[in-house]
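My notes follow the display.

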Amino acid sequence: MTTRPARAHLTALFLLVATVPATAIGPGWSSEADALLAWKASLVNTSALSSWTRDVPVCNWTGVICGRGNHVLWVRIEGCGLSGGLGTLDTAALPALAVLNLKGNNLGGAIPANISQLRSLKLLDLSNNRFDGSIPPQLSDMHSLISLRLHSNNLVGDIPHLLCSILSVQVLDLSNNRFMGELPDCSCNLQNLRFIDLSKNRLTGELPGCWWNLQELEFMDLSNNSFSGEIPAAQAGQNCSLWSLYLAGNNFIGAFPPVLNRCNLLATLDIGNNMFFGGIPPWIGSQVPSLRILSLRSNNFTGEIPPELSQLSQLQLLDMANNSLTGSIPVAFGNLPSIRNPQSLSARVVQVDDPTYDDRIDVIWKGQKLIFERTVWLLTGIDLSGNFLSGCIPEELTNLQGLQFLNLSRNHLSCGIPQGIGSLNSLESLDLSSNDLWGEIPPSISILSGLSIFNVSHNHLSGKIPAGSQIQTLTDPSIYSDNSGLCGFPLDILCADTSLPPDDRNGEGEDQWLYYCVIAGIVMGFWLWFAMLFTVETWRCGFYFFVDDVQCKFMQKMSH
């Protein structure tokens with residue numbers, strides 16, 4: 001233990017060390033506490049590190065965990081608003097450091113090359129900061145590294161080939177930066193890789209064909225880049241351990257990737273916003289049985305929707321919007337088990353050290369593009385909008401009691417809206433606009449208590465718009481526009497049977513029945529009297545005598 005006089009001496013020495021550049025500090029000279037205190041002194045907004053003083057043992061500092069011999073094993077300071085850089089951190093003074101987690105701060109500048117001196121480091125997380133420049137190639141010397149997370153910074157340049165030499169890495173997250181160029185072929189050497197996220201960069205070129213050799217790979221996100229070409233095929237005998245694959249927002253071409261027919265663990269597949277073409281293979285329903293999320297939106301897929309997709313017993317989200325699909329909506333979709341009988345499905349996550357990674361998906365939810373992450377497994381919906389589908393909306397779709405959103409807009413669907421639409425008691429968003437639907441809006445829709453988005457504009461619907469506690473809150477008349485036969489609230493068109501209040505309408509009906517009865521009685525009485533006149537002789541003779549008598553009296557009055 002350091003005595004108080006000695007501590008005063010060390011304080012003076014610390015002030016001297018803090019003014020010396022980090023490169024001038026010898027690795028054998030600085031203690032772990034000295035190195036961390038020197039780094040703290042170079043930072044701004046360090047209120048979260050108030051316990052980092054010489055009066056407190058280093059193992060009791062906020063965010064610090066020690067191991068054997070009181071050596072610092074963990075430095076974990078997340079979201080504390082720290083500003084500054086890493087250039088003043090004497091990494092050589094931390095030989096036992098296994099975890100360096102500084103995510104969610106305001107740290108910036110270049111990632112220093114001497115960070116590679118942390119030879120025991122297993123997790124390096126500098127994500128959600130303001131680091132810039134390129135990845136130092138010296139990181140390839142960190143042969144114990146299991147998890148490298150540098151996402152959400154301002155890093156630029158190519159992904160260094162030397163990263164391929166970190167054979168121990170299992171998690172590689174470089175997403176949301178400004179990396180450019182093609183992927184190094186040597187990345188196929190990372191045989192322990194389980195999670196890779198390179199999304200939201202500016203990467204180009206084709207995917208290396210050897211990537212399907214990565215037998216441990218479970219999560220791959222390459223979305224929102226500029227990759228091109230076809231998805232390479234796998235070699236015979238290779239297994240697929242993927243359960244999440246994101247390729248959306250690139251320039252991929254070709255047919256639906258046949259390599260996926262061996263991915264029987266795949267739960268999430270998002271290949272939207274590319275240039276894939278051709279038909280949707282029916283084998284998806286049997287060869288990829290674990291699918292929960294299937295997004296094929298905004299491609300050039302053609303042909304009919306294969307009814308075999310209804311075999312996907314765990315399917316919760318189906319998005320095929322903005323393609324060129326034809327034919328009718330498969331009746332078998334009414335039997336999708338996870339939507340027909342909704343259950344609480346927990347998300348499967350990749351957990352390598354900490355934190356965990358959740359699946360996510362971009363969804364057009366209530367007219368807005370949203371990213372669902374932690375709650376994605378609680379979401380159910382079908383989006384077939386923007387195609388050339390025809391025929392009727394299957395009544396069987398009303399069996400999907402767990403359905404939360406249904407978008408069939410911008411097709412050529414005809415017939416009427418299914419009468420059982422009110423049985424979709426979980427429905428929150430329903431868009432049937434821009435079709436050829438006719439008939440009345442089913443009254444049962446008024447019992448959908450959660451319906452907050454509803455659109456049937458640009459159809460041929462007619463009749464009175466249903467009234468109800470929830471549907472009455474949808475006051476925008478445009479959701480019913482271009483339906484010449486619709487009337488009632490919220491349109492300014494009154495229906496013929498709603499021009500008077502209910503009590504007045506009842507009274508008017510009673511009066512009309514009275515008029516009809518009086519007229520019928522007069523007519524029947526008139527014809528009954530004439531029938532008796534012509535059939536009974538005494539009545540007829542009496543009538544003639546009466547007429548003659550009236551005529552004589554009239555003539556006498558006229559002569560006088």
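I looked up burial first: phenylalanine 219 and tyrosine 246 are both buried. The model is a predicted one, and I read the entries below with that in mind.

I then listed the aromatic pairs, and the count is 11. One of them joins phenylalanine 219 and tryptophan 243: the ring centres are 6.3 Å apart and the planes are at 75°, so I noted the pair as edge-to-face. I checked where the two sit. Phenylalanine 219 is in strand 14 (residues 219-221), while tryptophan 243 is in the loop between strand 15 (226-229) and strand 16 (244-246), so the pair ties together parts 24 residues apart in sequence. Phenylalanine 219 has 0% relative accessibility, and tryptophan 243 is buried with a relative accessible area of 1%.

How are the rings of phenylalanine 219 and tyrosine 246 arranged? Their centres lie 5.6 Å apart with the planes at 40°, so this pair is tilted. Tyrosine 246 belongs to strand 16 and phenylalanine 219 to strand 14, so the pair ties together parts that are 27 residues apart in sequence.

I also found a cluster linked by ring pairs, made up of Phe227, Phe252, Phe256, Phe276, Trp283 and Phe301.

Last, I turned to threonine 380, in the loop between strand 27 (368-372) and strand 28 (381-383). Leaving aside neighbours within four places in sequence, I noted contacts of threonine 380 with residues including Gln316, Leu317 and Phe405.

Methods:
Residues are numbered from 1 along each chain as its sequence is written. This is a predicted model: local features need pLDDT of at least 70, side-chain atom pairs count only at pLDDT 80 or more; totals for chains, interfaces and linings use all residues. Side-chain values use heavy atoms; hydrogens and water are left out. Rings of Phe, Tyr and Trp (its six-membered ring) pair if their centres lie within 6.5 Å; planes under 30 degrees apart count as stacked, over 60 as edge-to-face and the rest as tilted. Helices (H or I, at least four residues) and strands (E, at least two) are DSSP runs, numbered from the N terminus. Buried means under 20% relative accessible area, exposed over 50%, partly exposed in between (1.4 Å probe, protein chains only). Contact means heavy atoms within 4.5 Å.
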